[in-house]
There are 2 protein chains.
Amino acid sequence: MFLSKTFGYALRGVLYVAYIDKEGRKVQLDEMAEKLKVPRHFLAKIMKLMVKEGIMQSTKGPYGGFSLNEHTLKTKLIQLVRITEGVEQFNTCVLSLRKCNSQNPCPLHQQMLELRDAMLAEFSAKTLDDLLNSDDPDFIKSIATA
Amino acid sequence: MFLSKTFGYALRGVLYVAYIDKEGRKVQLDEMAEKLKVPRHFLAKIMKLMVKEGIMQSTKGPYGGFSLNEHTLKTKLIQLVRITEGVEQFNTCVLSLRKCNSQNPCPLHQQMLELRDAMLAEFSAKTLDDLLNSDDPDFIKSIATA
DNA sequence: TTTATAAAAGACCTATACGTCCTTTATTGA
DNA sequence: TCAATAAAGGACGTATAGGTCTTTTATAAA
């Protein structure tokens, strides 16, 4: 239910890079995969996608790795959802009725609309920077699994 | 995102049966699949499951079909979720962190908790009967797709 | 007791999310 | 210019949700 693993990995990945970036260094896939306990090659695919979408940066070769760019911290969660699974999902009926809308609402339309709007609002407002500024001394631990 | 097709088909299926039951007749798969625009054999699988779980009734042979039993209308939406996809999903972290909890919350823990609790409350309170008593003259249309 | 009807059972197929692996390209320093 | 490093590219494999098909079992009426 709710969001895909891809989204979760993407968010944790970019947050990790942002966190380490404050120490002034880049991050390599090997380190990320190990620290976040995420399948390395799968993470590679997701990071590549985020770079392609312009929300972060990468350089190849020795001393290369992933780092922030001017957009990263301003990126909204909803953009990450769009990149990893497409936002249309926020607008589809719980009962997969194509013609469900306020004129012809399914029996769950109203309740779901409220919840979805709340979630959409949350994800549209919150940026990666917001999540990073939680002042949590255990921030890294909070995005790792083990 | 959110709920599976199986859940949607299950809900619409049982609501259709309940609605027709008021006319004092049973419903066959062929009719349901056609009216609800749902794959017939897939729906069969789902209806069978609901019968096995005891939330409705079926009889084979001529004049057979699906009908309500004493539990049907009292069934809560959350039970339908449990039957079709398992409720553990309501408790898993958006970032798929196994160790995400109030002591060690992921960056999205609090917001997601609230949304999920709202949804859980909604689904735990609402029964099929509640949905049926919407006094919608177009009720059948509202659960059909075409 | 035979025939028609309708669900139950279960084998099978398909698409997609999730995950792995290998090769290529870019970058660095010796 | 060579060797090492690290991401990019893309083929491939696996598990599961979603969907189809055929056979079996139960029931009703003639």
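This is a predicted model: local features need pLDDT of at least 70, side-chain atom pairs count only at pLDDT 80 or more; totals for chains, interfaces and linings use all residues.
Visitor: How many cavities of 30 Å³ or more does the count come to?
Guide: The count comes to one. The largest cavity has a volume of about 40 Å³.

Visitor: Which residues line the largest cavity?
Guide: From chain A, the lining has A:Phe2, A:Leu115 and A:Met119. From chain B, it has B:Phe2, B:Leu115, B:Arg116 and B:Met119.

Visitor: And which helix gives the most to that lining?
Guide: H5(B) does, with three residues. H5 of chain A and H5 of chain B each supply at least two.

Visitor: What is the lining by class?
Guide: Six nonpolar residues, one charged and no polar.

Visitor: Switching to DNA strand C. Which residues come nearest?
Guide: Of the 25 residues around DNA strand C, the nearest are A:Pro39, A:Lys45, A:Pro62, B:Ser58 and B:Gly61.

Visitor: Where are the phosphate oxygens relative to A:Thr6 and B:Leu29?
Guide: One phosphate oxygen of DNA strand C is 3.1 Å from a side-chain N or O atom of A:Thr6.

Visitor: Last topic: is A:His109 buried or exposed?
Guide: Buried, because its relative accessible area is 14%, under the 20% cut-off.

Visitor: What does A:His109 touch?
Guide: Leaving out residues up to four places away in sequence, A:His109 touches A:Cys100, A:Asn101 and A:Ser102. A:His109 itself lies in helix H5 of chain A, residues 109-125.

Definitions and conventions: Residues are numbered from 1 along each chain as its sequence is written. Chains are lettered from A and ligands numbered from 1 in the order in which they are written. Side-chain values use heavy atoms; hydrogens and water are left out. Helices (H or I, at least four residues) and strands (E, at least two) are DSSP runs, numbered from the N terminus. Buried means under 20% relative accessible area, exposed over 50%, partly exposed in between (1.4 Å probe, protein chains only). Contact means heavy atoms within 4.5 Å. On a 1 Å grid over the protein atoms alone, a cavity is a set of points where a 1.4 Å probe fits but cannot get out, and a pocket is an open set with protein on both sides within 12 Å along at least five of seven lines; lining residues have an atom within 4 Å of a point. Grid points are joined across faces, edges and corners, and a volume is the space filled by probe spheres set on the points. Ala, Val, Leu, Ile, Met, Phe, Trp, Tyr, Cys and Pro count as nonpolar, Asp, Glu, Lys and Arg as charged, and the others, Gly among them, as polar. A residue is near a molecule or strand if one of its heavy atoms lies within 4 Å of it. A polar contact is a pair of N or O atoms within 3.5 Å; within protein, one must be able to donate a hydrogen and the other to accept it, and residues adjacent in sequence count only if both atoms are side-chain atoms.
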